[in-house]
Amino acid sequence: MTGNATPSRMRKYLLFPELWIAAAALLWFVLFPDQLSFGTSVLVTAIFVMSLDLVLGYAGVVTLGHALFFGFGAYAAGLISIYGWNEPISVAVAASAVGATVALATGPFVLRLRELPLLMVTLALGAIAFEAANKATWLTGGDDGLVGIEFKPVLGLFEWTLSSDTAYVYAVCWLCVCLYIARRIVNSSFGLAVVGVRENFWRMALLGAPVQRHLLRIYVIGGALAALAGALSVETVRFVGLSVLSVDTSIAALVMLVVGGVGRLYGALIGTVAYMLVHHVAAQINPYHWMFVIGALLVAVVMYARGGLLGLAETLAASVTRVRGA
Amino acid sequence: MSDFAASLIFIVLYGLSFGMVLFAISIGLVITMGLMRVLNMAHGFFAALGAYVTVWLMFQQGAPLWLSVVVACVVVTLLSILIERTFFRHLYTAAQLDQVLLTIGLAFLGAAFLNLLFGPNPQPSTLPSSLAANVDLGIRTVQLYRLFIVVLGACLMLGLWWLFDKTDFGARVRAAVDNRRMAEAVGIDVDRLFAITFALGCCLAALGGAVGYAMLPPEPMYPFKYLVIILIVVALTGFGNIKSGAFIAASVGIVDTGARFLAPTYGSFVIYVFLIGMMVSRHLRMAEP
């Protein structure tokens, strides 16, 4: 069942699922007005995890370096604003173009690798970018991060406020746009071809599909969306630190995706919300105890719930229908 | 000129000793990956535990180094057998992503467990006075500890060469790495072989962590902190290639030490660039279309 975005009988009820998600997000806005900055970071992270889902879940490219794009997007947005251009929407688009360029530059050789070499090269690219950002203090601020980032009001109308309400709604809009794009992509014939490459690389190649071009295209799209998420994180927090490029960021995104359900369009969203809620509630406890939670989650998902939360829900729904039908 | 020679000796000896520790830690992973194709991201935990047990015995219980190292290896080996029976059994036929996820999960659990037992701070990593002493090599004085590690690494290499090239057990392992199905067909119990080599690999990792505690000081994040350099050695060595393991580990140690010594600012990049270059040139042909 993995890879099947939405069962068709659900598609009938959810003509524009983005609207439902926007409605749910606005419900949070009304219910928890003092938790909007946390909510914003959840929405932005969801975009990042979704971009990982396109690359890892749909195309089967097991990468440990997806933070590379997130970090490039974040630093690009921060630097563009410091050097004088502050219109948020165009900055986000420009940053995602930077992410796409990075993916286009690294993709042709990264995507020809498999298994351990692939894992190692993505890890090494991430490590190099992190070290470079750490050393190039004149550009990135190094360990202290980039400060003094300011953005103009969104559309010239909505000021960035301390209570993060503008940032929250802004992030909801971007999430809906990204979800719409991702949904169109995975439901297109190109999306199916990408899943085909994941399921059986050689068979697709022998059928005459341009497998490397398919992989590169989805990798560039994933890189662009990840960089967009990076840019949004900067616009909503007005700070870039080294952690945007760290391996921990890649691994955290991977864990969120796995918890939600790999290769499922909404897996990224559900996984991010579940993971970050638990983390937010448990933030006061010792960070090492939090690692028990992550570790146990990963082991449990792999051993007992291979589709993540969404997979569990599907199994549950299927058994309910079976009981009803009998 | 003697300056140059002194630097060279420093780089070679310190790089070689670092490389020997890396060799001990990663060779187990090289073998088990070659046998079962299981990507084990939690391997560093066994080295970490070895280092922790050694340091705890030495500094808290006052045991001598050799005894601490032996006890650490035994403890880790027993634990590794338990972990192999409970978790790794499920991974032999699993997809690659599942292997990565489960073993990353185990590494998280391991780090949390180390913190629970020993606290979040790095452990003391001072050497016993007998090893901290300096010896004069004529051109430059070096720490006895480094020489000790190099000699130990050489013994380990000889021992492993004997084990894998001269014994029946070694022949079975090599056969299973080269062609698993054929090995099974001629009556080799590959599962059992794997369980044994897994335990052996973890024992060696514990040995590496234990004697290398002064180079890689034990701390809860150890399994992640040194994961990348361990995986670099494994990836460069290739699946199950025991012989080149020592050579690769030594080169990685020397290249990394040399680059950091000669160019402190940008030296840390060199090993990654080296890795990417090697990986890309070696594996590009594997997926042509």
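A residue is called buried if 20 or more other C-beta atoms lie within 10 Å of its own, exposed if 12 or fewer do, and partly exposed in between, with C-beta atoms placed from the backbone. By this count A:Ser90 is exposed, because 11 other C-beta atoms lie within 10 Å. A:Ser90 is found in helix H5 of chain A, where helices (H or I, at least four residues) and strands (E, at least two) are DSSP runs numbered from the N terminus. The C-alpha atoms of A:Ser90 and A:Ala77 are 9.7 Å apart in space, and the two residues are 13 apart in sequence.

The model described here is predicted, so local features need a pLDDT of at least 70 and side-chain atom pairs count only at pLDDT 80 or more, while totals for chains, interfaces and linings use all residues. Residues are numbered from 1 along each chain as its sequence is written, and chains are lettered from A and ligands numbered from 1 in the order in which they are written.

Confidence comes next. The pLDDT is the predictor's confidence in each residue, from 0 to 100. Chain A averages a pLDDT of 83, with 93% of the residues scoring at least 70. Over residues 1–6 of chain A the pLDDT is below 50, and this stretch has 13 contacts in the model beyond near neighbours in sequence; two residues are in contact if their C-beta atoms, placed from the backbone, lie within 7 Å. For chain B the mean pLDDT is 82, and 96% of its residues reach 70 or more. For the complex, the predictor gives an ipTM of 0.79 and a pTM of 0.83.

Several helices of chain A can be followed in turn. The expected span of a helix is 1.5 Å times one less than its number of residues. H4(A) is largely enclosed by the rest of the structure, because 14 of its 16 residues are buried. Just after H4(A), A:Gly84 takes a positive phi of about 115 degrees.

Helix H8 (residues 165–186) of chain A, with 22 residues, reaches 31 Å from its first C-alpha to its last, close to the expected 32 Å. Its buried residues include A:Tyr168, A:Trp174, A:Leu175 and A:Cys178. The buried residues of H8(A) pack against helix H2 (17–31), helix H3 (36–58), helix H9 (189–199) and H11 of chain A.

Helix H11 (residues 211–237) of chain A also packs with helix H5 (residues 88–110) of chain A, at an angle of about 140 degrees and with their axes 7 Å apart. Here axes are lines fitted to C-alpha atoms, for helices over the stretch in contact, and angles run from 0 to 180 degrees between N-to-C directions. The contact of H5(A) with H11(A) is made up of 20 nonpolar residues, six polar and one charged. In this grouping Ala, Val, Leu, Ile, Met, Phe, Trp, Tyr, Cys and Pro count as nonpolar, Asp, Glu, Lys and Arg as charged, and the others, Gly among them, as polar.

In the loop between H11 and helix H12 (247–260) of chain A sits A:Arg238. Most residues other than glycine have a negative phi. A:Arg238, although not a glycine, has a positive phi of about 60 degrees. With 17 C-beta neighbours inside 10 Å, A:Arg238 counts as partly exposed.

The two chains meet where 35 residues of chain B are in contact with 32 residues of chain A. On the side of chain B that touches chain A, two or more residues come from each of helix H4 (96–118), helix H11 (227–237) and helix H13 (267–283) of chain B. H4(B) gives the most to this side, with 14 residues. The residues of this side of chain B divide into 27 nonpolar, seven polar and one charged.

B:Met58, in helix H2 (residues 43–60) of chain B, counts as buried, with 23 C-beta neighbours inside 10 Å. Not counting residues up to four places away in sequence, B:Met58 touches B:Ala63, B:Leu65 and B:Ser68. B:Val151 lies in helix H6 (residues 144–166) of chain B and is exposed, with 12 other C-beta atoms within 10 Å.
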